[in-house]
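Q: I'm new to this structure and would like to learn how to read its features one by one. Could you walk me through them?

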Amino acid sequence: MEQESRYAYDEESVKHIVHWALTAQLPAQIQLSESESIFDVKKYIQANINDINQHFPDPFYNPAIDRLYRLKEFSEKSQF
């Protein structure tokens, strides 16, 4: 059974979130939650973009897209 996602995976939406990730002004480290710490945000972004570039539109790799969306949501809430 496929779970409905709150994120968009069409090509235009993916291009938009990747562009955001490449141009956003983010701190070097982020604590997303109690159990999620990103110690090198630039490497985190690049690793996810590499997965997207190599495998899009394979839905198995949608979690890489989800991680960028979650980072964007967090940054909008935090207003660094």
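Q: Which residues have the most contacts inside the largest nonpolar core?

A: In soluble globular proteins, nonpolar side chains tend to be buried together. A nonpolar core here is a set of buried Ala, Val, Leu, Ile, Met, Phe, Trp, Tyr and Cys residues joined through side-chain atoms within 4.5 Å. Buried means under 20% relative accessible area, exposed means over 50%, and partly exposed is in between (1.4 Å probe, protein chains only). The largest core has 19 residues, and I17, V18, I45, I52, L68 and L71 have the most contacts inside it. Two or more residues come from each of α1, β1 (30-33), α2 (41-55) and α3. Those labels are DSSP runs, with helices (H or I) of at least four residues and strands (E) of at least two, numbered from the N terminus.

This is a predicted model: local features need pLDDT of at least 70, side-chain atom pairs count only at pLDDT 80 or more, and totals for chains, interfaces and linings use all residues. Residues are numbered from 1 along each chain as its sequence is written, and side-chain values use heavy atoms, with hydrogens and water left out.

Q: What is L71 in contact with, leaving aside its neighbours within four places in sequence?

A: Contact means heavy atoms within 4.5 Å. With those neighbours set aside, L71 touches W20, L26, I30, L32, I38, V41, Y44 and I45.

Q: How many aromatic pairs are there?

A: A pair of aromatic rings is described by the distance of the centres and the angle of the planes. Rings of Phe, Tyr and Trp (its six-membered ring) pair if their centres lie within 6.5 Å; planes under 30 degrees apart count as stacked, over 60 as edge-to-face and the rest as tilted. By this rule there are 2 aromatic pairs. Y7 and Y69 are stacked because their ring centres are 4.6 Å apart and their planes are at 5°. That pair links distant parts of the chain, 62 residues apart: Y7 is in the segment before α1 (11-23), while Y69 is in helix α3 (residues 62-78). Y7 is buried at 12% relative accessible area, and Y69 is buried at 14%.

F60 and Y61 make an edge-to-face pair, 5.3 Å centre to centre with 80° between the planes. Here F60 is exposed, at 63% relative accessibility, whereas Y61 is partly exposed, at 26%.

Q: And salt bridges: how many does the structure hold?

A: Side chains of opposite charge can pair when their charged atoms come close. The cut-off is a side-chain nitrogen of Lys or Arg within 4 Å of a carboxyl oxygen of Asp or Glu. The structure holds 3 salt bridges. One of them joins R6 and E73 at 3.2 Å, N to O. It links distant parts of the chain, with R6 in the segment before α1 and E73 in helix α3, 67 residues apart. R6 is exposed at 62%, and E73 is partly exposed at 28%.

K15 and E11 form a salt bridge too, their closest N and O atoms being 3.5 Å apart. Being 4 residues apart in helix α1, K15 and E11 are separated by about one helical turn.

E36 and R70 also pair up, with the closest N and O atoms 2.9 Å apart. E36 lies in strand β2 (residues 36-38) and R70 in helix α3, so this bridge ties together parts 34 residues apart in sequence. E36 is partly exposed at 27%, and R70 is partly exposed at 31%.
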